[in-house]
Amino acid sequence: MTKHNNEREVTREVRDEIERFLFREARLIDSEQEREWLETMVDAEITYQVFSRQLRYRKDTRGSGDKEVYFFDDNYADLAHRVELCENGMQWVADPPNRLRRIVGNIEGFEGERAGEYRVYSNCMVTRNRMVYEQMSYAYGREDILRRGVDGRLKLLQRVVDFEERFVRGKNLLFIL
Amino acid sequence: MVDVSKLINTKDGIQSRRIFHDQAIYDLEMERIFARCWLFLTHESLIPNTGDFITTKMGQDNVIVVRQQNGKVRAFVNSCSHRGARVCAAEAGNTRSFVCSYHGWAYGIDGSLQGVPLEKEVYNNQLDKFTHGLVEVALVDSFCGFIYGCFDPQAPSLREYLGEAAWYLEAWMDAPGGTELIGPPSRSMLYCNWKTPGENFIGDMYHVGWTHASSTQVLFSQSPLMALQGNASLPAPAEVMGMHFTSRGGHGAAITYGGRGGIYATARENEMLLAWLAAQTPKVAERLGEVRAKFYNSAWDGTIFPNNSFLVGPNTFKVWLPRGPGAIEALTWTWVEKDMPKELKRIIARNMNQTFGTAGMLESEDTDNMESMTQSNDGLVTRRGTLNAQMGLGREREDVVMPGVVSDAMINELSHRGFYRYYQEMLVAESWDELRANSSKWKKAHLER
């Protein structure tokens with residue numbers, strides 16, 4: 001997680017608003033309302049990234065090559081494609097439906113670098129039940145930037161997940177994290 | 001023990017279902033296939049400097065692959081010769097030594113035992129360090145920068161092992177300026193037998209329109225592959241769309257003509273790749289000929305026997321590491337051409353991860369099939385049966401330019417049959433000499449009707 005100094009906590013009122021945003025987002029995604037999520041909660045300029053970090057020794061600064069692989073490196077159009085996949089009726093892997101359930105916690109909100117932006121940390125526990133026998137669990141932290149639009153409502157402008165489970169036992173991450 | 005010579009019928013395209021279930025067959029696969037075949041390790045581009053290393057597996061054996069002082073690459077079993085603990089916990093990096101975390105035995109990057117803590121005091125100087133180096137992987141070699149290792153010193157050279165497939169692979173691996181992998185790999189668990197993804201990638205173009213009906217519609221609107229969407233009809237005879245090949249060593253692929261471009265999210269991205277391909281094609285034609293210049297512009301799905309698969313188009317490069325008969329670890333890289341502009345490399349990597357990475361839209365569609373193809377055979381009655389890979393039977397032929405056995409039908413299971421032909425041969429053969437003795441007549445199983 002990025003280390004920020006001199007972070008200014010948001011007011012209690014904004015904190016409540018952020019919390020309501022994250023809870024609504026969780027409910028929409030977990031109840032297959034991805035389009036509602038995309039159209040009402042996601043900023044058109046979004047950067048949505050989930051990456052995995054290769055495990056190297058702490059002292060090793062000389063190793064070659066990138067250390068990160070990006071599972072998601074999406075913009076709005078990419079996320080729209082993912083939403084379309086859920087809607088076209090041919091996604092056999094989600095039929096019968098997958099069921100997602102997430103707990104969002106450890107929410108912290110700070111004033112962002114620009115006015116009307118907030119830096120938000122949260123932790124997630126997600127369980128995905130699919131088909132008869134499969135149950136998979138994922139735990140991760142999110143570092144978000146929420147931006148207040150001209151209509152006064154918050155939208156997700158940036159999400160970065162430094163995914164900690166190097167070897168993904170839950171097969172894939174084909175869901176909105 | 002099952003009679004392994006009766007698991008596969010190449011001529012009729014039939015396989016026993018037991019190969020996806022039986023522990024005894026799996027154990028034999030480890031011994032006869034994974035301890036004898038050339039297995040993918042890493043790419044030259046990921047360990048360019050002295051002391052650069054990666055850790056991976058060959059079968060279920062943990063290995064370290066490390067660049068030596070003299071520039072050569074060697075590989076060692078990642079297990080201390082004292083009590084067996086691993087000597088390297090990192091996935092990659094740069095080092096001067098590998099130190100066991102148990103008692104601190106230290107090995108050089110050449111695998112030799114260099115340091116034993118308190119050696120004088122506790123061993124009374126009687127430990128022979130010379131015979132306690134790390135166990136070395138007998139053979140390490142690279143093909144177009146892709147590094148493979150083999151535990152069996154009797155095995156043929158990597159080039160000979162790739163056989164006719166090398167001629168095809170050069171069409172993309174040996175691009176002008178060369179290719180590289182973008183590391184690190186993503187790593188994920190799939191609950192399938194190691195052969196099910198291998199047979200899918202080796203040339204199953206039949207599933208593209210159906211398994212991927214959803215994602216081809218959303219993502220591939222600019223691609224010739226869109227024509228397959230829904231498996232409802234084929235726009236052109238299959239022979240116009242592409243070809244299929246199999247080779248002596250079971251490696252094979254399906255090649256879809258003109259299909260390499262058109263799969264990216266925006267018109268600009270697609271144009272950038274097409275412009276790149278157009279600029280390179282004359283150079284490819286000059287070096288490799290017109291046929292392979294056509295292949296260079298094509299979409300491919302292929303597998304290098306036993307467990308290394310790739311796509312050209314969505315530039316994925318994969319290894320399926322076995323973890324028992326019913327589970328694998330999938331390692332996934334993006335491959336690009338070294339000389340491509342940085343932005344094009346990023347576009348390709350983004351696309352690869354969106355389609356065949358851990359959150360890949362097509363990857364997850366494939367997974368359920370690979371898993372249920374494996375798990376259905378847990379049923380005793382189910383696994384008494386056989387499986388059918390007969391598509392395209394009777395359409396195989398030899399060609400004056402293209403080596404191996406080819407077919408003009410792109411939607412085909414010729415390469416499946418070739419994969420399992422060699423699979424059975426490896427299980428049966430006691431030695432490489434026995435395998436070599438079959439080399440003059442391997443085509444008969446495909447061509448004689």
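Figure 1. Strand 16 (residues 299-304) and strand 17 of chain B run antiparallel and are joined by five bridges; two strands count as paired if DSSP finds at least two bridges between them. Helices (H or I, at least four residues) and strands (E, at least two) are DSSP runs, numbered from the N terminus. The model is predicted: local features need pLDDT of at least 70 and side-chain atom pairs count only at pLDDT 80 or more, whereas totals for chains, interfaces and linings use all residues. Residues are numbered from 1 along each chain as its sequence is written, while chains are lettered from A and ligands numbered from 1 in the order in which they are written. Strands 16 and 17 of chain B form a hairpin with three residues between them, and B:Ile304 stands opposite B:Asn308 of strand 17. On the other pairing, strand 17 of chain B meets strand 18 (residues 316-322) of chain B in the antiparallel sense over three bridges. B:Phe310 has B:Phe317 of strand 18 as its bridge partner. This pair also forms a hairpin with three residues between the strands, and B:Gly313 in the turn has a positive phi of about 120 degrees.

**Figure 2. Burial of strand 17 of chain B.** Five of the five residues of strand 17 (residues 308-312) of chain B are buried, so the strand is largely enclosed by the rest of the structure. A residue is buried if 20 or more other C-beta atoms lie within 10 Å of its own, exposed if 12 or fewer, and partly exposed in between, with C-beta atoms placed from the backbone. Both faces of the strand are covered: B:Asn308, B:Phe310 and B:Val312 are buried on one side, and B:Ser309 and B:Leu311 on the other.

**Figure 3. The two domains of chain B.** Chain B is divided into domain 1 (9-22 + 164-447) and domain 2 (39-141), with bounds that come from an automatic or database domain assignment. The C-alpha centres of the two domains lie 34 Å apart. Their contact takes 10 residues from domain 1 and 10 residues from domain 2 of chain B; two residues are in contact if their C-beta atoms, placed from the backbone, lie within 7 Å. On the side of domain 1 that touches domain 2, strand 13 and strand 18 of chain B each supply at least two residues. Strand 13 of chain B gives the largest share of that side, four residues. By class, that side of domain 1 has five nonpolar, three polar and two charged residues. Here Ala, Val, Leu, Ile, Met, Phe, Trp, Tyr, Cys and Pro count as nonpolar, Asp, Glu, Lys and Arg as charged, and the others, Gly among them, as polar.

**Figure 4. The largest nonpolar core.** The largest nonpolar core has 149 residues, and those with the most contacts inside it are A:Leu146, B:Leu39, B:Ile64, B:Val65 and B:Tyr148. Such a core is a set of buried Ala, Val, Leu, Ile, Met, Phe, Trp, Tyr and Cys residues joined through C-beta atoms within 7 Å. Helix 4 (residues 164-173) of chain B contributes the largest share of this core, seven residues. Domain 1 and domain 2 of chain B both give residues to this core, so the core lies between them. Not counting residues up to four places away in sequence, B:Ile64 touches B:Phe53, B:Thr55, B:Ala75, B:Phe76, B:Asn78, B:Cys88 and B:Phe98.

**Figure 5. The contact between chain A and chain B.** In this contact, 37 residues of chain A meet 39 residues of chain B. Strand 1 (42-53), strand 2 (68-74), helix 3 (76-87) and strand 7 (167-168) of chain A each supply at least two residues of the side of chain A that touches chain B. Helix 3 of chain A gives the largest share of that side, six residues. By class, the side of chain A that touches chain B has 16 nonpolar, nine polar and 12 charged residues. Strand 7 of chain A pairs with strand 13 (residues 179-190) of chain B in the parallel sense over two bridges. In this pairing, A:Phe167 stands opposite B:Arg187 of strand 13.

**Figure 6. A:Gly141 in chain A.** A:Gly141 lies in strand 5 (residues 134-148) of chain A. With 15 C-beta neighbours inside 10 Å, A:Gly141 counts as partly exposed. A:Gly141 and A:Ala115 are 26 residues apart in sequence and 24 Å apart in space, C-alpha to C-alpha.
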